[in-house]
Amino acid sequence: MIKLYGHEMSGNSYKARLFLELLKIEYEWIKVDLMKGEHKSPEYLALNPFGQVPLLVDGDTKLADAQAILVYLARQYGGERWLPTDALSLAQVVRWLSTTAGEIRQGPENARLYYLFGATNINIDRAHQKAEHILSQLNQHLSDRQWLEFNRPTIADIAIFPYVALARDGKIDLDAYPNVLTWIDRVKQLSGYIPMTGL
């Protein structure tokens, strides 16, 4: 059985867990208590030397990084629907995975870390500027479509969703982005959707 190591307050852990639920794959959820430093324990570091969550274990396969986990699950269990393989379509989805690791991390995710977890190494003004920029871009992009790419959800939507939906944790007002709010509600209507703490 697949094992997913993570923390319930981690948006990256959540996106991996959400995708497993959407795919209706049986898995074991193993909580890694970040507050107790379990992610830095010798036992956990033996599985994931980066000492981060999430971590997916599928048989002999061990994968860290939420975006990598989404790609693996999509190709292994989800098929073309979630991650198409033709060159242009694949590139369109991967673009959003990069956006997740770039603009979303630097904006909404960092703002959430600052306010919710007291991260002191974050420039909150810059995080809010980055958040405003990417949310404006998303709002415009979603003005004439239901999903980030194509006419269906893909792992692009799953990758972007958590930290955008949790933006208010970082004192970011989502009311100015009505298309983003509609898209958030659309994701929540997917069969198999599970909420995260705060959503």
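This report describes the strands, helices, cores and selected loop residues of a predicted model.

## Basis of the description

Local features are given where pLDDT is at least 70, side-chain atom pairs count only at pLDDT 80 or more, and totals for chains, interfaces and linings use all residues. Residues are numbered from 1 along each chain as its sequence is written, and side-chain values use heavy atoms, with hydrogens and water left out.

Helices (H or I, at least four residues) and strands (E, at least two) are DSSP runs, numbered from the N terminus.

## Strands

Strand β1 (2–6) pairs with strand β2 (residues 27–31) in the parallel sense, over five bridges. Two strands pair if DSSP finds at least two bridges between them. Gly6 has Lys31 in β2 as its bridge partner. Together β1, α1 and β2 make a right-handed β-α-β unit; right-handed means that, with the strands pointing away from the viewer, the path from the first strand over the helix to the second runs clockwise.

Strands β3 and β4 run antiparallel and are joined by four bridges. Asp58 has Thr61 in β4 as its bridge partner. The two strands form a hairpin with two residues between them, and Gly59 in the turn has a positive phi of about 65 degrees.

## Helix α3

Helix α3 covers residues 66–78 and spans only 16 Å between its end C-alpha atoms, whereas a straight helix of 13 residues would span 18 Å at 1.5 Å a residue. The expected span is 1.5 Å times one less than the number of residues. At the start of α3, a side-chain oxygen of Asp65 comes to within 3.1 Å of the backbone nitrogen of Gln67. After the helix comes Gly79, with a positive phi near 75 degrees.

Ala66, Gln67, Ile69, Leu70, Tyr72, Leu73 and Ala74 are the buried residues of α3. Buried means under 20% relative accessible area, exposed over 50%, and partly exposed in between (1.4 Å probe, protein chains only). The cover over these residues includes β1, α1 (11–22), β3 (55–58), β4 (61–64), α4 (87–117) and α6 (155–165).

## Nonpolar cores

A nonpolar core is a set of buried Ala, Val, Leu, Ile, Met, Phe, Trp, Tyr and Cys residues joined through side-chain atoms within 4.5 Å. The largest has 57 residues, and Leu138 and Trp183 have the most contacts inside it. Two or more residues each come from β1, α1, α3, α4, α5 (124–141), α6 and α7 (178–188). Helix α6 gives the largest share, nine residues.

With neighbours within four places in sequence left aside, Trp183 is in contact with Leu142, Gln146, Trp147, Leu148, Asp157, Ile160, Phe161 and Val164. Contact here means heavy atoms within 4.5 Å.

## Loop between α5 and α6

Thr154 is in the loop between α5 and α6 and counts as buried because its relative accessibility is 0%. Beyond its neighbours within four places in sequence, Thr154 is in contact with Arg81, Trp82 and Val93.

Arg145 is also found in the loop between α5 and α6, but counts as partly exposed, at 30% relative accessibility. A polar atom of the Arg145 side chain lies 3.0 Å from the backbone oxygen of His141.

Ser10 has its place in the loop between β1 and α1. Ser10 is buried, with a relative accessible area of 10%. Leaving aside neighbours within four places in sequence, the contacts of Ser10 are Val53, Tyr163 and Met196.

## Backbone exceptions

Most residues other than glycine have a negative phi, and most peptide bonds are trans. The peptide bond from Val53 to Pro54 is cis, with omega near 5 degrees. Pro54 is in the loop between α2 (42–47) and β3.

Asp65, which is not a glycine, has a positive phi of about 80 degrees. Asp65 sits in the loop between β4 and α3 and is partly exposed, with a relative accessible area of 41%. Phe150 is not a glycine either, and has a positive phi of about 65 degrees. Phe150 lies in the loop between α5 and α6 and is partly exposed, with a relative accessible area of 25%.

Definitions and conventions: A polar contact is a pair of N or O atoms within 3.5 Å; within protein, one must be able to donate a hydrogen and the other to accept it, and residues adjacent in sequence count only if both atoms are side-chain atoms.
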